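Hi there,

Please have a look at the structure first, and then read on for my notes.

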Amino acid sequence: MDLITLSLVVLVAMFLLSFVINRRRDQGCYVLNYECYKPSDDRKVSTQFCGDIIFRNPVLGMNEYRFALKAIVGSGIGEETYGPRSVLGGGEDYTPLAEARSELADALFNTLDRLFAKAGVSPSEIDILVVNISMFSSSPSPSAWVVNRYKMREDIKVFNLSGMGCSATLISMSLVQNLFKIHKNSLAVVLSTESIGPNWYVGNEKSMMLPNVLFRCGGAAVLLTNNPSLKHKAKFKVKLLLRTHLGSNPEAFQCVEQKEDQMGRRGIQLNKTLPKAATLAFIDNLKLLAPKILPLRELLRYSLTTFIHSKTRGDGSKSKPKPKPSVNFKTGVDHFCLHAGGTAVINGVGKSLGLSNYDVEPALMTLHRFGNTSSSSVWYVLGYMEAKKRLKKGDKVLMFTFGSGFKCNSCFLEVVRDLGDGNVWKECIETYPRDTLINPFTEKYKWVFEDKAPPANN
Amino acid sequence: MPPPPLPEFSNSVKLKYVKLGYQYLVNHFLIFLLIPVIAVVALEVVRQGPEELLRLWRSLQLDLVQILCSAFLIVFVSTVYFMKKPRSIYLVDYALYKPPVTCRVPFATFMEHSRLNMSETKSVDFQMRILERSGLGEETCLPPANHYIPPRISMEASREEAELVMFSAVDTLMKKTKTKPKDFDILIVNCSMFSPTPSLSAMIINKYKMRSNIRSYNLSGMGCSAGLISIDLARDLLQTHPNSLALVISLEVITPSYYQGNQRAMLLPNCLFRMGGAAILLSNRRRDQWRAKYNLVHVVRTHKGADDKAFRCVYEEEDQEGHKGVSLSKDLMAIAGEALKSNITTIGPLVLPASEQLLFLFTLIGRKLINPKWKPYIPDFKQAFEHFCIHAGGRAVIDELQKNLQLSAEHVEASRMTLHRFGNTSSSSLWYELNYIEAKGRMKKGSRVWQIAFGSGFKCNSAVWKCNRTVSGPGSDSPWSDCIHRYPVHIPDVLKL
């Protein structure tokens, strides 16, 4: 072969090789680290205190007391959740803007400080920042507060999402994942928290009182990267993020709505159609999710059993109809990270997925220890699993969140290395799991359940 | 009497031609280099004659392997080139909200409402003085809730205003571009001061029954520059999702932001902010190339939040009486100028022709090495752009930018006239300005447009568009269609009320 041919062949080989290497070079999205917010202990809210807050509200009558107390007692929320300072101090009627800001700033800065320290990253290295706080909107935005406090770079890409509900953390991650495809070798931070104090409902509409019972202060900061050289330090690899929006369904759209009641008091109304909307959105999401994450044999098994079921159904025999076959998600997923929205939501999702007590334990314990911290709750659930040393290399984790609109978002993660950081659960993980429905309130407020009049000394 | 000295203008004319010649030479440098080479080769070819050339061709013995390899290389390299090229982003069209006549707030109405709503006459006088110097006209609009005395501010009213503005703009856009709601793949809504649950983006999905796998984002609190942040986000998303349509909605809901106190720094927004909104359709589909109005060339974002003064210069807070409002600091213009300088530092090299960049480089080197007293060279952006859309934040902003960028009155006419006719509509004002230029028939194919917006935080964002097809005049749906013939109007420095 003469020189020209040889050189041409070598050139072709080099190009092919470089092309292949370039494609294989991992530009995947990795969760380097995450940190959850732990407010100071003086902000702990016991059920006794919750009762006091309800009793001191002059517009509530006996029916409303019963409703709220029943909700608190049956909520699965424990004695150590954290409330906003404005409500704890007796100022739930009205929270000044400065107070609302400081509540959020405490959550954001506290958590970010710890995240930067843990990950060994400097704020000026951050290329993308996404902050999501659903029920707070002000100029400058919370994302600008973060840039100001940490003196981040001028060319940082900042986004401030708002109004997107409890599923906003996965929406933020989806945004980052998309940006990572364009911007190589970047670092991103996602901050999720919620503004509880200014949104405390002080009226007497029952459908608007539930958020007071369930929502508590919390937050999370997540550090993501697509830099392949940081792969070995990462905790998780984000394999799939799926978003489902049921806004086109009018009932689903209105099931969670922020509005003013007839007296002009603002609050979040949870309609009775919420469970149905959640189920519909959940099913829609699962339909798209299952083929992408489950192993082939499970999909084949499911298609086969469905086929057989549909053929044998038309028998006309008098025997009891066989239960419809369902997909076994546990074949492709090792850990389920469910949004700690409330015991009903967790148990409902658990039942539809065929999960055991072990699987729903992290979500129920998060609800008990921290309450419903809105969009950041899935990170507390993940933290519980990590503190319990359940997460081993190669394990698959599936996160589910629900949000107003109505949205159901899911995130499929793979654990990169064995994890065991105690994080925000460090001090109390030994005392879990507990029976979360035993509540010191139950004995004291038995009269609520028995529909009797309150005792004289109350 | 000695003869008058040589008139200044002939010197300047000579300089002008020198400058023109220099610009032409530098910008077309490659051509000047190639022409002699091509000439020499052509001469050589003609001299050799066709038979010589044929003999040369036959002597090149290439066997099959070599031919295949070469062909493969050519195909491969061109494929990789086309794949790596970032997708072109097209602005197919956009639609603007035209407020109804019933929402108009002439000066007399505004002042009457101020007198009845405000507790202190000092504040009323202050508002009058601002209005006199604001550059606003008599046809700007406020939402229905603000027409009541006192204004009927409620969540319901804010939602109604949002629905009115968004649905109107989106309906017009879908009709103009013949798209159906199920065609949208990406939805981004930005509204700074109002963010309900469910979000405004969820409201749009609900009203138009969009697909359940739509990628929606609701940005909030990001100020008047949020429109360009949304465009930047849409561009990045369109790069990762082939064959998609993105709907970007920029609006500001004025209802909840009416300031009812007496702090001077917080009274300004009442006088300037008015109702408006825009819906923009972006696409990366090749088939939209023919009908698109503009191509998106660059988006550059600059965030000055690290500087405390810049961070505090547009700040929402409560005054001592508990009234919420946005306070504007006195340093606003200086900070805007600084932010613009930072933004220009990034965008300059991307858009300026080589001649300007070289001049800037020489003056920079000269100032550093030879004499620091040389005046810094401000690149001539008129070389890079035919049209400028400066956010109509207020008269002072437009004046400041006109001075900084050395623009003529015609360049800033779109901004001033938009401020006059529509007021400060926040993030959508850039689109009203673009529409003004189109309505005046000045938008020709190949024109380059520079949109600059400022926002709280403090941010300065720019977008560069290139016109894809000549726009002949205002469309029937344009908010300028009934009044463009009256513009431009002369806006006096102080309009005595």
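Predicted model: local features only at pLDDT ≥ 70, side-chain atom pairs only at ≥ 80, totals over all residues.

**Where the two chains meet**

On one side 70 residues of chain B take part, and they are in contact with 67 residues of chain A. The two chains bury about 5,500 Å² between them, and carbon and sulfur atoms give 58% of that area. Three residues stand out here: Met155(B), Thr197(B) and His303(B) supply 12% of the area that chain B buries against chain A, more than any other three residues.

As for polar links, 31 residue pairs are in polar contact between chain B and chain A, counting pairs with both residues at pLDDT 80 or more. Which parts of chain B give two or more residues to the side that touches chain A? Among them are helix 4 (64–84), helix 7 (155–177), helix 9 (226–240) and strand 6 (294–303) of chain B. Helix 4 of chain B gives the most, with 11 residues. By class, the side of chain B that touches chain A has 27 nonpolar, 25 polar and 18 charged residues.

**Salt bridges**

Side chains of opposite charge can pair when their charged atoms come close. Over all chains, the structure holds 46 salt bridges, and 5 salt bridges are found across the interface of chain B and chain A.

Another one is worth a visit within chain A, where the side chains of Glu80(A) and Arg434(A) form a salt bridge at 3.8 Å, N to O. This pair links distant parts of the chain, 354 residues apart. Glu80(A) sits in the loop between helix 3 (62–73) and strand 3 (81–82) of chain A, while Arg434(A) sits in the loop between strand 13 (407–415) and helix 15 (440–444) of chain A.

**Two helix pairs**

In chain A, helix 12 (residues 343–353) packs with helix 13 (residues 357–370) at an angle of about 175°, and their axes are 10 Å apart. Helix 12 of chain A is therefore roughly antiparallel to helix 13 of chain A. Helix 12 of chain A brings Thr343(A), Ile346(A), Asn347(A) and Gly350(A) to the contact, and helix 13 of chain A brings Val360(A), Ala363(A), Leu364(A) and Leu367(A). This contact has 5 nonpolar, 3 polar and no charged residues.

In chain B, the axes of helix 14 (residues 395–404) and helix 15 (residues 413–422) come within 10 Å and cross at roughly 175°, so helix 14 of chain B is roughly antiparallel to helix 15 of chain B. Here Arg395(B), Ile398(B), Asp399(B) and Gln402(B) of helix 14 meet Ser415(B), Arg416(B) and Leu419(B) of helix 15. The residues of this contact divide into 2 nonpolar, 2 polar and 3 charged.

**Backbone details**

Most residues other than glycine have a negative phi, and most peptide bonds are trans. Here are some places to check against that:

- Gly405(A) and Phe406(A) are joined by a cis peptide bond, with omega about 10°. Phe406(A) is in the loop between strand 12 (396–403) and strand 13 of chain A.
- Tyr432(A) and Pro433(A) are also joined by a cis peptide bond, with omega about 0°. Pro433(A) lies in the loop between strand 13 and helix 15 of chain A.
- Lys178(B) is not a glycine, yet has a positive phi of about 55°. Lys178(B) is in the loop between helix 7 and strand 2 (186–191) of chain B.

Note on methods:
Residues numbered from 1 in each chain as written. Chains lettered and ligands numbered in written order. Heavy atoms only, no water. Axes fitted to C-alpha atoms, helices over the stretch in contact; angles between N-to-C directions. Helix = DSSP H or I, 4+ residues; strand = E, 2+ residues; numbered from the N terminus. Parallel < 35°, antiparallel > 145°, perpendicular 65-115°, else oblique. Contact = heavy atoms within 4.5 Å. Nonpolar A, V, L, I, M, F, W, Y, C, P; charged D, E, K, R; others polar. Buried area = accessible area lost by both parts, 1.4 Å probe. Salt bridge = Lys/Arg side-chain N within 4 Å of Asp/Glu carboxyl O. Polar contact = N/O pair within 3.5 Å; in protein donor to acceptor, adjacent residues only side chain to side chain.
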